[in-house]
Amino acid sequence: MDSDEEEFTFEKKRPILYGSLEERERQRLTSQRTTGSLSSDAIEAGKAAGNINITQGGTFDLPDNKESQAELLAELEKKKRARQIQVSTDDVEIKSNLRQLGEPICLFGEGPADRRERMRNILATIGEDTFKKKKQTEIDEKKKKDDENITWYHEGPASLKEARIWIAEYSIPRAKERIRNQKEHVQLSSAQRNAKVQDLHKRVRAISNECSQIGDVRPLSFCQFSPDSKMLAVSSWSGLCKLWSIPDCQLIRQLRGHNGNVGAIVFHPQATLQLDDKSCCMASCGQDGSVKLWNLVSDEPVADIEGHAPYRVSRLAYHPSGRFLGTCCFDNSWRLWDLEAQEEILHQEGHSKPVYDIAFQNDGALAATGGMDAFGRIWDLRTGRCIMFMEGHLKSILGIDFSPDGYHVATGSEDNQARIWDLRQHKCVYTIAAHTNLVSKVRFQPDHSNYLVTSSYDGTAKVWAHPTWGPLKNLAGHEGKVMGIDVSPDLKYIATASYDRTFKLWASELSGGL
């Protein structure tokens, strides 16, 4: 053949079979059973076709480094633990748990599902038991803190039991008389009662400055009228206490004895009335922890009460009977002293911070204390129990007073508010947004409680109507903080003592008193 001629190749065609292949397939299967398994033939056929490649002696080598092996095993174990950990589906709870663990509660672009997965991974890392133990520890600490705030009692001396019995016998007749007077007052027609209250409010709105006097060379800290309303006792940061005549504001006597700031000076309930002038008619307290007793004829103290030093004594008050004296101490306690027995009969704890002010109910059965822990407490002197816990102020309670009706208590606080508490309902019944600075002292109208007076570091004193607690009068005139306030028992004057070293007398321009 010539090279130019095309070369033709002929492919042998496969035969075409007609009919059933059943017999041929049966023969094929029979031959496979005799030569080997069907799977083996399939594998061999796959190998021959190049679809299956099996290497001889192939292995997966782990890292030779033992540390790397340990890390890999730890990672696998961590993933295994993470799959087993049950995590809450509540996103708020997840955030709270993350905050407890000190982790960020939210990452940029993180959704609830991602946050939940992150929580699971964290728990897998630190261990779920560790988280539970930490949570239980926080619960135990909170419980321990709550237990510390529980008022506890201890066994007192026999003199305390005798004093409690004496106070019960003293207070019950006075309580009966108070209730009888209240019933008589209720029997008056509403028209009569409203007319009296409106006339009183009219007189209060007519209050003006009657007298102003420089009380000392240093700021004045406290003032109180004598029971006969003819004298005003004023304490000062200079360590002096002075007695001034009312209403002409002339100096009667200067009391020397304290070496530092004097916190308060108070009169015996029967001083200038039935008590002899040579008896213990006044008591004062100082920053150095000293408490001194005074008479009305000498400028030197007649007795000292020791036991508070080195802690400051901020306030003190006479029991209505005059037999006992209550003192507030900066060791987080208050004390009750029996002046007749000349001993301390009660050292009462209960506040978590210094006790700043104290007041006694007119019956003599209850005492109220206000502390710098922002809480107030009502104590039953007949049993020793704390019968009411006053919670609501945001900052320290600096002033507290009992209403003559026996069941209302007023508190003044560093949070610029005055609150009215009802002992019958065991709650705060009204909050007065009283001042623009802390409230230093609160005082109810003696005998009637138709109004409340408050003094403040904003330089003003205010009069509030009872029971609406609306403002009646703003007593402005001091150039500095108003440290203390009092209402005379004869309801003719209001006295204020100020940081500007002056005290002022306020009286109504209308006749009838306050």
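User: Is Ile 165 buried, partly exposed or exposed?

Analyst: The model is a predicted one. Buried requires under 20% relative accessible area and exposed requires over 50%. Ile 165 has a relative accessibility of 43%, so this residue counts as partly exposed.

User: Which helix holds Ile 165, and what span is expected for that helix at 1.5 Å a residue?

Analyst: Ile 165 is found in helix α7. That helix has 30 residues, and from its first C-alpha to its last it reaches 44 Å. This is close to the expected span, which is 44 Å.

User: How far apart in space are the C-alpha atoms of Ile 165 and Thr 383?

Analyst: In sequence, 218 residues separate Ile 165 from Thr 383. In space, their C-alpha to C-alpha distance is 9.0 Å.

User: Which strands do the buried residues of α7 pack against?

Analyst: The buried residues of α7 include Leu 160, Ile 167, Tyr 170 and Arg 178. The strands that the buried residues of this helix pack against are β11, β13 and β16 (375-380).

User: Which residues touch the most other members of the largest nonpolar core?

Analyst: This core has 17 residues. The members touching the most others are Trp 334, Leu 336, Ile 345 and Phe 360.

Notes:
Residues numbered from 1 in each chain as written. Predicted model: local features only at pLDDT ≥ 70, side-chain atom pairs only at ≥ 80, totals over all residues. Heavy atoms only, no water. Core = buried A, V, L, I, M, F, W, Y, C linked by side-chain atoms within 4.5 Å. Buried < 20%, exposed > 50% of the residue type's maximum accessible area, 1.4 Å probe, protein only. Helix = DSSP H or I, 4+ residues; strand = E, 2+ residues; numbered from the N terminus. Expected span 1.5 Å × (residues − 1). Contact = heavy atoms within 4.5 Å.
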